[in-house]
Amino acid sequence: MGAHPCCVLPIVVGVGTIIMFFVCYAIAVSNDHTVKNFPFISDTGVYPPERGIFTLSFNLSAFGGVVLMFLRYSYISQCDGPPKLNKFTFGCGVLVCFGLMMVGAFQWSEMLYPHMVGAVMAFALGIVYIWLDTILSFKLRPVFTSLWAFRVRLLVAILTTVSGGIMFVFGGIIFTNENYLYAIRLAAVGGEWALGIGLLLYIITLSIELRKVKRMHLIMDISGTFNVSNTHELRASNSRVIANHDFIANHDIPE
């Protein structure tokens, strides 16, 4: 049996968002809306028409990210991963996606503080998320997560954290001081781009485990008769199963 189609989602979210970064950059530069030499990511989505693409792409990435966070959470639950850590990681991932939506919705030139709050949620909590997920990968190795996948994620997490540290340190200097060296700006911009791309590269690695998915179950339980405990099968009494290729819907049969 081949890989499940859901394994494509991390690649679409990760690669698609990276491509949109550079599309917005190219449009902004071609229209003289930003500097050619290393602008901040947010600088590429201030003016139309790139602003529309910037907002749309961030919202789509956030929506796809929430779906992906749930798939990841479900996978780890099926593998009997640590339930509390798994739930906390899922919640952190959802907040990251919400921050991403705020970054796309509030341009820094018009609503700076909401934009900065969203950026901190997306970047800072993004770093927290990938470390929590790396810990989960460590706990699931070598059966449910391969050793090489864990090592790749650990490397990406380390490099991304270093990039984030550079961005926050030098970005803080820029944000609090009007006079600063151009080298400080380059460091902050480089750190931001490396951090953003690093987080998305980590997201792409989540496709490794999703390839192992055999089926996905969509359950609506209005009677409370289903046993949906942490097992690999879903059982129901007095139920009729209607199945298609990948999804199963369960309905109670009246007595």
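Colleague: Which residues line the largest cavity?

Modeller: Lining residues are those with an atom within 4 Å of a cavity point; a cavity is a set of points on a 1 Å grid over the protein atoms alone where a 1.4 Å probe fits but cannot get out. Here they're Met69, Arg72, Tyr73, Ile76, Asn86, Thr89, Phe90, Tyr129, Asp133 and Leu136. Mind that this is a predicted model: local features need pLDDT of at least 70, side-chain atom pairs count only at pLDDT 80 or more, and totals for chains, interfaces and linings use all residues. Residues are numbered from 1 along each chain as its sequence is written, and side-chain values use heavy atoms, leaving out hydrogens and water.

Colleague: Which helices supply at least two residues each to that lining?

Modeller: Helices are DSSP runs (H or I, at least four residues), numbered from the N terminus. In this model α2 (50–78), α3 (83–105) and α4 (112–140) do it, with α2 giving the largest share, 4 residues.

Colleague: Now Thr44: buried or exposed?

Modeller: Buried means under 20% relative accessible area (1.4 Å probe, protein chains only). Thr44 has 1%, so it's buried, and it sits in the loop between α1 (8–30) and α2.

Colleague: What does Thr44 touch?

Modeller: Contact means heavy atoms within 4.5 Å. Leaving aside residues up to four places away in sequence, Thr44 touches Cys24, Tyr25, Ala28, Pro39, Glu50 and Phe54.

How values were computed: On a 1 Å grid over the protein atoms alone, a cavity is a set of points where a 1.4 Å probe fits but cannot get out, and a pocket is an open set with protein on both sides within 12 Å along at least five of seven lines; lining residues have an atom within 4 Å of a point. Buried means under 20% relative accessible area, exposed over 50%, partly exposed in between (1.4 Å probe, protein chains only).
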